[in-house]
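Visitor: I would like to learn how to read a structure like this one. Please show it to me, and then we can go through some features.

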Amino acid sequence: MIDHSTIQRILDAADITDVVSEFVTLRRRGVNMLGLCPFHNEKTPSFTVSPAKGIFKCFGCGKGGNSVNFIMEHESLSYPEALKWLARKYSIDVVEEEETEEQKQLKDERESLMIVSAFAQKYFTRNLWEENEGRTIGLSYFRERSFRDDVLKKFEVGYSPDGKAPFTEAAQKQGYKMEFLEKTGLSIKRDDWVRDRFAGRVMFPIHNLAGRVIAFGGRILKDDPKAAKYLNSPESEIYHKSKVLYGIFQAKREIARTEKCYLVEGYTDVLSMHQAGIENVVASSGTALTSEQIRLVKRFTPNITIIYDGDAAGIKASLRGIDLVLEEGMNVKVLLLPDGEDPDSFAKEKGASGFREYIDENETDFIQFKTRLLLKDAEKDPVAKARLISEVIRSVAVIPDTITRSVYIKECSKLLDVNEEILYTEVRKQKHKQNDEFRKKEMRERRDVQPNFFEEPQQKQPVEIKPTEFLIEELEFLRFLLKHCNTVIFEEEGENPNEIVEVKVSEYMIDELENDDLVPENPLFRKIFYEVKENLDNENFDPWKYFIYHANSDVSKLATDLLSEKFIESKRWTKAGAFTEKEEEILDYLVPRIVYEYKLMRIKLMMAEIELAIDSASKENNFDRIIEEQSKYMNLKRVEKYLSEKLGSRAIN
């Protein structure tokens, strides 16, 4: 367990803008920061960070919270694990008791896989630098490739010793279970044998955005025609190759700073470019580029340059995948290296200044590059040229921005010597085709969930409100309770002569619900309600900070939602679309009104339940129960009338 004072130090140090900027490129918008949400795919930023309040909120997908919540959500960590992550970031020491075996077993599978992967990385790295086999074989390979020690240590490369299962045996001796060694793909187990997957290979750990090892790539060093040159970890709970880019953790800050990302193919390409001083580089590790990988880059920059060696066949094979980059609204450029060169060799040959100079002089807009590349095969063949035009226009058509699209059409018109109007017509055809495909897909999805209209219609059931769901009146009640908790709204005469007693918003709201026994069963509502009540006499109680940084992530998220500005900007207190007064100026009017609206909502729900009970009793011919329920109903009807009169014509239905 982490003690309270340490937690407070972590929360005080964790600046929300600093934390979120590790993963999202933020730009200032007034007093807040704005960026693309890391939790869902969006092209228009709706992810807002409030430095003053210490919260984030996405008004697209609804996720929100504080620094701890962000790390929990983004990195799939528990509350204590997220606190440790922040503690490491801000160099805060967290002293804990050593975990018992029972506590280790209680860790979820995902964290267990992370722990096994972290052990493997340390094991492989130690073997490379400290063991004779690792130095002789693994380190010698890197020395021959002219890699510096600082670069090797930066990427935590290592060496997996040759043999049947030296790594697996070492891991099991340390108490790591075969179940997780198998699931990470580090060990392969059959009925009668076990072996290391990466035996005899130099190892490239693959990190997630937070810097945790989630997988490995291994390069074989001995001549074996039956073995793959490169071997990657299989898919697992923590590793999905389509969602990962090698080197993104080491490159993310430089990508955001330079507003540019270079994409290469292999592990050593990334290492060599870092060694040459170009650090805003990632690798797809030989896989076809995916939408998830593109969005990963887009969090930090909209600008990407894809670097190719001189293999024309390989470039043509990858062109279709790059259309995905255009579709995401990215600015794509292509850099073709001289024949016989790859980013690894070229970076070592040219160095940082030479490589950058070559990039500046030779990187080309992707559409121009694609047109010129395909035009070579179609110069004297009209049919091939027609196919080329369709191929290029298909790429142009996926670009979401209309202005950018029209600029590309103008450029293609010059390159292909084709009238602009013809190209516009082709783009419209392509867009129409894409829309048709989208509509067909949508219709298929709708058809899958449509009811059978030939079945007997079912009787309409009353809407059931789940314990974790809220009605608008409940949310508004909690919002006022948190936002204006310590504000005095009334003054009353005390028991002694000339004594004036001040009544706070929290005291009034809590008394009103408890006196009428109307505190709902919703567990989140009750938790917030009663924790506010417990702190009524605490002069230092700050409900804003208390609940936003609450250990319960559901409470923290709800508090963030309630206190985020777009929730607060309610049209309830407006006339003709303009605010008449600020909330704070009319609390003596608003707070009782909120309480009355909440009570009216509860009364209406209770009356609806009684109506169902009366209907049920009628079917059973239970006249005693009918009379009993009708009596309750009439009493509630009188209360409803009283509350409606209190609220007047502006009552919320």
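Visitor: Is E640 buried or exposed?

Guide: Some ground rules come before that. This is a predicted model, in which local features need pLDDT of at least 70 and side-chain atom pairs count only at pLDDT 80 or more, while totals for chains, interfaces and linings use all residues. Residues are numbered from 1 along each chain as its sequence is written, and side-chain values use heavy atoms, with hydrogens and water left out. Buried means under 20% relative accessible area, exposed over 50%, and partly exposed in between, with a 1.4 Å probe and protein chains only. E640 has 14% relative accessibility, so E640 counts as buried.

Visitor: Which residue does E640 meet in a salt bridge?

Guide: Side chains of opposite charge can pair when their charged atoms come close. A salt bridge is a side-chain nitrogen of Lys or Arg within 4 Å of a carboxyl oxygen of Asp or Glu. Here E640 meets K637, at 3.2 Å from N to O. Both belong to helix α27 (residues 623-647), where they are 3 residues apart, about one turn of the helix. Helices (H or I, at least four residues) and strands (E, at least two) are DSSP runs, numbered from the N terminus. K637 is partly exposed, at 39%. Elsewhere, salt bridges that share partners link D18, E22, K89, K252 and R253 in one network.

Visitor: How many salt bridges does the structure hold?

Guide: There are 34. One of them joins R593 to E597, with the closest N and O atoms 3.6 Å apart. These two are 4 residues apart in helix α26 (residues 587-619), so about one helical turn separates them. R593 is buried at 5% relative accessibility, and E597 is buried at 4%. Another salt bridge pairs E179 with K183 at 3.2 Å, within helix α10 (residues 178-183). E179 is partly exposed at 38%, and K183 is partly exposed at 32%.

Visitor: Where is K599, and what is it in contact with?

Guide: K599 is in helix α26 and is buried, with 8% relative accessibility. Contact means heavy atoms within 4.5 Å. Setting aside neighbours within four places in sequence, K599 has contacts with E512, D516, L518 and L643. A polar contact is a pair of N or O atoms within 3.5 Å; within protein, one must be able to donate a hydrogen and the other to accept it, and residues adjacent in sequence count only if both atoms are side-chain atoms. The side chains of K599 and D516 make such a contact at 2.6 Å.

Visitor: What covers the buried residues of α4?

Guide: In helix α4 (residues 79-89), the buried residues are Y79, E81, A82, L83, W85, L86 and A87. Their cover includes α1 (4-13), α2 (16-21), α3 (67-75) and α6 (109-130). Just after α4, S91 has a positive phi of about 55 degrees.

Visitor: Which strands pair with β2?

Guide: Two strands pair if DSSP finds at least two bridges between them. Strand β1 (residues 27-29) runs antiparallel to β2 and is joined to it by 3 bridges, with R29 opposite N32. The hairpin of β1 and β2 has 2 residues between the strands, and G30 there takes a positive phi near 70 degrees. Strand β3 (residues 47-50) also pairs with β2 in the antiparallel sense, over 3 bridges, and T48 stands opposite L34.

Visitor: Which way do the residues of β2 point?

Guide: In β2 (residues 32-35), N32 and L34 point one way, M33 and G35 point the other way, and all are buried.
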